[in-house]
Amino acid sequence: VQNLVLNAVEAMPDGGDVTVRTLVREGRAVIEVEDTGEGIDPAIRERIFEPFFTTKGGRGHGLGLAICWSIVNRMGGTIDIRPASERGTVFVLDMPAAPESVTDAREAPTASAPQSASGAVRVLLVDDDDSVREVIGFMLEALEHEVTFADSGDAALRALDAGTFDVLVTDQSMPGMNGLALAAAVRDRAPDLPRVLLSGQNPKHLAAEAEGLFARVLAKPVTTEALGTALREVLAGRSRS
């Protein structure tokens with residue numbers, strides 16, 4: 001809700017109203033966040049929940065609405081937009097109502113979480129940017145993988161010493177130890193651990209340096225589908241070797 005309200009405020013540079021409603025509709029819990037701002041161009045409506053998609057230029061990562069989508073999706077709900085009655089936009093969060101007991105709530109399945117074709121795996125995710133790490137973590141969890149988070153190369157090596165993982169997913173540009181240096185250190189400690197690199201650079205520019213260190217190099221922004229496909233291929237390759 002905080003992200004949606006902040007998004008609404010940014011859509012009203014000359015001021016306006018933000019209205020938050022809560023209601024029950026057909027047995028489901030609904031939250032509506034309405035603004036009187038500029039509205040959303042129909043040409044980008046299908047993309048506004050994509051991670052890293054932004055119309056704010058350098059003023060944002062394009063992660064706020066993606067985080068909203070991920071949270072609601074994990075709760076078994078949906079999030080959609082519709083034009084306001086006069087002007088502006090309404091974000092509609094539609095979620096299953098809480099069961100009567102906490103036990104039931106914990107056991108209730110997440111209806112809209114996609115299944116991973118390769119099954120759940122233990123992923124060590126490394127990124128120094130909190131927002132990016134959170135969104136990519138949501139992607140992996142939506143694929144029903146178990147995620148351990150690290151905010152630096154050193155933290156990742158400590159996690160590796162303390163636990164067992166099936167795959168490493170790391171950012172390239174990090175202060176101190178970058179992704180390539182981390183992969184080299186991980187290769188020495190756990191040579192059989194598959195490694196996937198995420199980078200804002202063109203993957204072709206890193207191909208030579210990454211050869212032998214990473215099974216896959218993916219460009220940011222990355223989609224859930226691309227990430228899931230890469231993990232399935234990497235793990236399938238390991239099982240055949």
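**Strand β8 and its surroundings**

Strand β7 (residues 167-171) runs parallel to β8, and the two are paired over 4 bridges; strands here are DSSP runs of E with at least two residues, helices are runs of H or I with at least four, and both are numbered from the N terminus. Two strands count as paired if DSSP finds at least two bridges between them. This is a predicted model, in which local features need pLDDT of at least 70 and side-chain atom pairs count only at pLDDT 80 or more, while totals for chains, interfaces and linings use all residues. Residues are numbered from 1 along each chain as its sequence is written, and side-chain values use heavy atoms, leaving out hydrogens and water.

Back to the pairing: V169 sits opposite V196 in β8. From β7 the chain passes through α6 to β8, and this β-α-β crossover is right-handed, meaning that with the strands pointing away from the viewer, the path from the first strand over the helix to the second runs clockwise. β8 also pairs with strand β9 (residues 216-219), again in the parallel sense and over 4 bridges. There, V196 has R216 of β9 as its bridge partner. Another right-handed β-α-β unit is made by β8, helix α7 (residues 203-210) and β9.

How many residues of strand β8 are buried? The count is 5 of the 5 in residues 195-199, so β8 is largely enclosed by the rest of the structure. Buried here means under 20% relative accessible area, exposed means over 50%, and partly exposed lies in between (1.4 Å probe, protein chains only). In a regular strand, side chains alternate between the two faces of the sheet. In β8, R195, L197 and S199 point one way, with V196 and L198 pointing the other.

Helix α5 (residues 153-162) has its own set of buried residues: G153, A155, A156, L157, A159 and L160. These pack against β5 (122-126), β6 (146-150) and α6 (179-189), where contact means heavy atoms within 4.5 Å.

Helix α8 (residues 224-240) is where E225 is found. E225 counts as exposed because its relative accessibility is 58%. V18, in strand β1 (residues 18-25), is partly exposed at a relative accessible area of 33%.

Across the protein as a whole, there are 8 helices and 9 strands, and buried residues make up 42% of the 241 residues.
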